[in-house]
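Trainee: I have a model open and would like to learn how to read it. Where should I begin?

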Amino acid sequence: MASLAPPSPEGDHNRADDSRVYSTGRLIGRSAELAIIDGLFGAAVTRGTALMLTGEAGVGKSALLDAAALRASETGFRVLRVVGSQFEESVSFSALNQILQPLAGEIPALPARQAETLQAAGGLSEGQPTELLTVADAVHVLLSKAAAKSGPLALIIDEVAWLDRSSAVVLGTVARYIRTGSIALLAASRTGDESFLSSTGIATYEVQPLDDESANELVTERFPAMAARVRRRLVAEARGNPLALLELPVPLNDAQQTERGTLPAVLPLTERLKRIFSVRVGALPDATRKLLLLAVLDGSGDLHILQQAMGGPDGLAGLCSAERAGLVQVDTATGRLVFRHPLTRSAVMDLSTSAERRWGHLALAEELPEGSEHRARHLADAAVGPDDQVAALLHEVAYSTLRRGDAVGAITTLLRASELSSTGTAKGRRLAEAACLGANITGDLRNVRALLDNAGHADPVGTDSLAAAAAAASHLLNGEGDVDTAHRLLVGAIDNHDLPDGADDTILREALHTLALVCFFGGRPDLWHSFDRAETRRPLRSSDPLLPVIRGTFGDPAHAALSVLDGLDELISDLHRETDPTRIIRTAVSAAYVDRLPGCRSALRRVVDDGRNGGAITSAIEALFLLGNDAYTSGTTSWRPLTRVSGGARHTTTACWHAQASSFRGCWPPHKVTTSPREKSRTASSPGGTPEGWVRSASTLPTSGPCRRSAARTSTPPTAF
């Protein structure tokens with residue numbers, strides 16, 4: 001029997017739905033639920049009411065109860081709280097004691113028999129409590145008298161499934177007769193759990209997961225520095241479960257949260273999430289867990305692949321146990337295996353050993369064709385040490401990924417390929433290529449210096465490679481602004497570059513684009529002469545129509561633009577099919593010099609959206625500046641999209657762009673500039689065709705680094721490629 005002492009805090013230690021992790025100040029996305037709770041309290045002033053909140057573990061029921069307690073107190077209710085605890089589930093009246101303790105001073109005023117009954121139930125007397133219905137009647141009288149004396153009562157009960165049996169019977173009886181007093185009873189329990197309120201007939205309300213907008217807001221508020229792509233991944237995995245939204249980031253380090261590090265294929269679970277999602281998985285037979293592990297590692301849900309990887313026709317026999325447990329289902333429309341909640345996948349991974357995971361990757365790789373990207377990735381995940389054959393496969397996969405427009409994924413794959421390389425030469429080359437792609441395609445310069453240093457340590461002889469030179473040149477250009485050194489590095493590396501037959505020429509292409517940028521900022525014709533010689537001496541294996549367009553419009557718009565306008569128009573007309581943010585930006589930069597930027601608006605907005613969603617952030621900022629430039633020179637009065645997008649990047653490591661975009665907006669009024677007839681005559685034959693064309697160039701801010709900030713003061717156009 002429980003003694004009439006303050007409630008044990010142990011109940012809080014075992015609440016998977018602990019509200020304290022949900023929000024420290026306000027509930028997000030719960031306006032409908034709070035309105036229902038307010039209505040409950042409003043009705044209870046004149047007539048007792050009761051409501052049971054149900055929902056999956058972690059959905060925020062406890063957070064709602066905490067908010068309800070605060071709102072009830074603010075509106076004049078006396079709040080009594082009860083929290084069930086699995087550690088006290090066998091202690092009679094332990095939950096009831098949480099009600100009796102704050103009302104202990106009012107028990108002596110009850111009729112003698114009822115007072116004795118409650119004192120015995122609370123352990124204040126040596127007598128034994130009578131039958132439970134008598135205790136329930138005494139509790140009801142106590143609550144009714146307390147409500148009549150000091151105002152309405154709010155009885156808030158959490159984790160009702162963990163209440164001890166004696167308390168459960170008593171409170172269930174009280175709930176049946178609650179309408180006779182000014183009492184509001186609000187309880188919460190997991191969906192599917194049987195409890196004392198299940199048969200009382202009181203109203204229930206299913207608390208739903210948060211919608212995507214609210215889920216994003218919650219994660220952003222708690223983890224403001226998290227990259228958008230990482231946040232989007234967490235929101236998708238959590239499926240609106242607030243506890244999962246706030247716990248999933250905990251095992252991730254700062255680099256992973258800000259996308260400077262690689263996220264695991266399956267997100268790890270904290271101990272609190274394991275208690276929710278791992279219990280049913282751990283109870284499955286070993287064969288079923290192995291099958292689910294294959295399904296997690298495969299990711300496609302293809303039953304044929306899973307069957308073959310398990311060893312043949314009977315390979316899917318273990319699926320029945322998982323289906324009966326409600327963990328997976330076979331989609332009737334696609335015929336593929338689907339996990340009912342993404343975090344079940346994490347539980348499966350968490351309960352597996354490293355040896356089991358390696359077995360799974362190898363089993364799946366054996367069922368995939370040679371040359372398959374998925375096969376290469378499975379082999380890489382199964383590798384425990386250097387493997388040059390797998391590293392070479394991953395190297396090819398990296399550039400396939402890059403051609404799909406996923407530069408971030410390409411860099412991650414190159415880094416894994418470098419880890420699997422057995423020789424310093426191969427390791428250094430792949431690290432340098434990762435640095436090159438990071439500097440020239442994603443525009444992320446944060447890790448370039450470290451990658452180049454690591455490449456130099458791995459292969460000191462390869463520090464003058466083309467990839468290393470291109471990365472170093474970008475770092476110089478955006479750091480110290482040392483144009484001459486960057487130019488010498490690139491020209492020398494391009495001259496010495498030997499492209500084997502059949503090799504990918506992506507690095508050579510990026511080096512030439514970087515050299516064009518260096519030549520522009522150098523502002524000297526002799527630098528462009530070196531570019532022309534390098535382009536002639538080292539032609540690309542695959543034709544790149546963008547490079548000559550950039551050379552004509554960007555390098556010498558007054559004399560060479562006319563010859564490339566048809567090519568530029570064709571590139572602009574194809575932008576609706578272009579998925580590579582870098583090519584979109586480079587096309588738009590060329591268009592900015594010859595008054596063709598309006599044709600790039602839709603594509604530039606896609607780049608901005610991609611950046612806001614965690615893609616190429618630097619490209620998104622460059623697109624933002626180009627759109628701002630277009631808005632200014634076209635005389636539009638709507639800057640709202642520009643402001644909205646610049647605000648969307650406020651938590652990135654390039655937060656300074658927000659201030660620069662704001663200053664850009666404020667420096668010039670959004671209207672066209674008028675000119676005198678003489679000025680019109682002087683500019684009529686210009687590549688822009690109108691004074692506004694030159695205003696476009698003069699009004700565009702540069703895009704990165706001190707060199708580009710210096711260029712802004714001399715009214716140079718956007719130059720992000």
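Mentor: Begin with burial: buried means under 20% relative accessible area, exposed means over 50%, and partly exposed lies in between, with a 1.4 Å probe and protein chains only. Helices (H or I, at least four residues) and strands (E, at least two) are DSSP runs, numbered from the N terminus. This is a predicted model, in which local features need pLDDT of at least 70 and side-chain atom pairs count only at pLDDT 80 or more, while totals for chains, interfaces and linings use all residues. Residues are numbered from 1 along each chain as its sequence is written, and side-chain values use heavy atoms, with hydrogens and water left out.

Trainee: How many residues of helix 30 are buried?

Mentor: Eleven of the twelve, so helix 30 is mostly covered. Among the buried ones are Ile584, Ile585, Arg586 and Val589.

Trainee: What span should helix 30 have?

Mentor: The expected span of a helix is 1.5 Å times one less than its number of residues. For helix 30 (residues 581-592) that gives 16 Å, and the end C-alpha atoms are 16 Å apart, which agrees.

Trainee: Which residue caps the N-terminal end of helix 30?

Mentor: A polar contact is a pair of N or O atoms within 3.5 Å; within protein, one must be able to donate a hydrogen and the other to accept it, and residues adjacent in sequence count only if both atoms are side-chain atoms. Here the cap is Asp580, with a side-chain oxygen 3.0 Å from the backbone nitrogen of Thr582. Thr514 counts as buried because its relative accessibility is 1%.

Trainee: Which strands pair with strand 1?

Mentor: Two strands pair if DSSP finds at least two bridges between them. Strand 4 (residues 183-190) pairs with strand 1 in the parallel sense over seven bridges, with Leu185 as the partner of Ala50. Strand 5 (residues 203-206) also pairs with strand 1 in the parallel sense, over four bridges, and there Ala203 stands opposite Leu51. Both faces of strand 1 are covered.

Trainee: Which residues have the most contacts inside the largest nonpolar core?

Mentor: A nonpolar core is a set of buried Ala, Val, Leu, Ile, Met, Phe, Trp, Tyr and Cys residues joined through side-chain atoms within 4.5 Å. The largest has 78 residues, and those with the most contacts inside it include Ile494, Leu515 and Phe531. Helix 25 gives the largest share, eleven residues. A second, separate core of 50 residues includes Leu210 and Leu248.

Trainee: Which residues meet Lys274 in salt bridges?

Mentor: A salt bridge is a side-chain nitrogen of Lys or Arg within 4 Å of a carboxyl oxygen of Asp or Glu. Lys274 meets Glu271 at 3.1 Å, N to O, and Asp350 at 3.4 Å, N to O. Lys274 lies in helix 12 and Asp350 in helix 16 (residues 342-350), so this pair ties together parts that are 76 residues apart in sequence.

Trainee: Why are Lys274 and Glu271 separated by about one helical turn?

Mentor: An α-helix has 3.6 residues a turn, so residues three or four places apart point the same way. Lys274 and Glu271 are three residues apart in helix 12 (residues 271-282), which means about one turn between them. Lys274 is partly exposed at 22% relative accessibility, whereas Glu271 is exposed at 53%.
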